[in-house]
Amino acid sequence: MRIINAQYVKGVSSVRQVEHSGDVPEVSFIGRSNVGKSSLINALVAQRVARTSSRPGATRIINIYNVAYESQGKRGGMVFSDFPGFGYAKVSRAMALGWQEMIEGYLAGNDRIKAIVWLLDVRREFDGLDEMMFEWLVSKELPFSPILTKVDKENQGNIARKVRSFEKFFPGRKAILFSARTGIGKKELLTYIEKAV
Ligand SMILES: Nc1nc2c(ncn2[C@@H]2O[C@H](COP(=O)(O)OP(=O)(O)OP(=O)(O)O)[C@@H](O)[C@H]2O)c(=O)[nH]1
Ligand SMILES: [Mg+2]
C-alpha cells in the first residue's frame, strides 16, 4: 500500500458528527497522551497533516483525515481518526471520564472502523491502564494492532526486553516496533492497514 495524500477534514467529539460517504473504511489511532499518535500518522502519510505537540494532552477532539491510497494498482480512500491521548494525569477525574466515554463511544459505535492502531511507548513499563485498554478492546472484539513506538530512543537490549514483557502482559499479541523518526515499522504497519481495509 502506498499513501498518495491526506487531507484534514475536521475535529469531532462523537461518531454522530462524522458523515463519511458510503462505507469508506476507517482506521483509528489511539494511545496514551504524548505517545506519538499524530507523529505516526504524519510518518505514514509522509506529510505534516496531523498536529503534534510537546504539550501532553493538547488534543481534545478526534481529528478526522481523508486519505487516498494505492494498493495493487488500484486507488482507494480511507479515513484516519487521530484520538486524544488518554491517561493524562493533569486533567480532572471528571474530564478524564468524559474523554473515556467519548473515546469508547466512538470506537464501539462505529462499524466503519476496520483497524485500531494502539500505540504504546517502548520506554514505559506497562501498567493497569494499558491492561484495561487491552481488555476493553478484546471484550468489544475490535480489530487492533499494538505498536511499540519511539524505538529510536531506546537501545536494542531494552527493546528486546520490552517485547518479552509485552508478550507476557498481552498474551497472543504481537507488537509492531515503530519509530516516526527513522521510519522503522512503517512498511509493516501499512501492510496491516492494507489487509484491514
Ligand atoms: N524520538 C521520537 N520522538 C517521537 C516519536 N513519535 C513522537 N515523538 C515525539 O513525541 C512528542 C509527542 O508526539 P505526538 O505525535 O504529538 O503525540 P500524540 O500521541 O499525538 O500526543 P497527544 O495528541 O497530545 O496525545 C513530540 O515531541 C514528538 O516529536 C518517535 O518515534 N521518536
Ligand atoms: Mg496528537
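Predicted model: local features only at pLDDT ≥ 70, side-chain atom pairs only at ≥ 80, totals over all residues.

I began with strand 1 (residues 2–12), which runs antiparallel to strand 3 (residues 62–71) and is joined to strand 3 by nine bridges. Strands here are DSSP runs of E, at least two residues long, numbered from the N terminus, and two strands pair if DSSP finds at least two bridges between them. I found G11 opposite N63 of strand 3.

Residues are numbered from 1 along each chain as its sequence is written, and chains are lettered from A and ligands numbered from 1 in the order in which they are written.

Next I followed strand 3 to strand 4: nine bridges, antiparallel. A68 has G77 as its bridge partner in strand 4. In the hairpin of these strands, with two residues between them, I noted a positive phi near 50° at Q72.

Then came strand 2 (residues 26–31). Four bridges join strand 2 to strand 4 (residues 74–82) in parallel, and S28 faces S81 there. Six of six residues in strand 2 are buried (20 or more other C-beta atoms within 10 Å of a residue's own, with C-beta atoms placed from the backbone).

Last, I checked V117: beyond neighbours within four places in sequence, V117 is in contact (C-beta atoms, placed from the backbone, within 7 Å) with V27, F29, S145, I147 and L189.

Note on methods: Contact = placed C-beta atoms within 7 Å. Buried ≥ 20, exposed ≤ 12 C-beta atoms within 10 Å, placed from the backbone.
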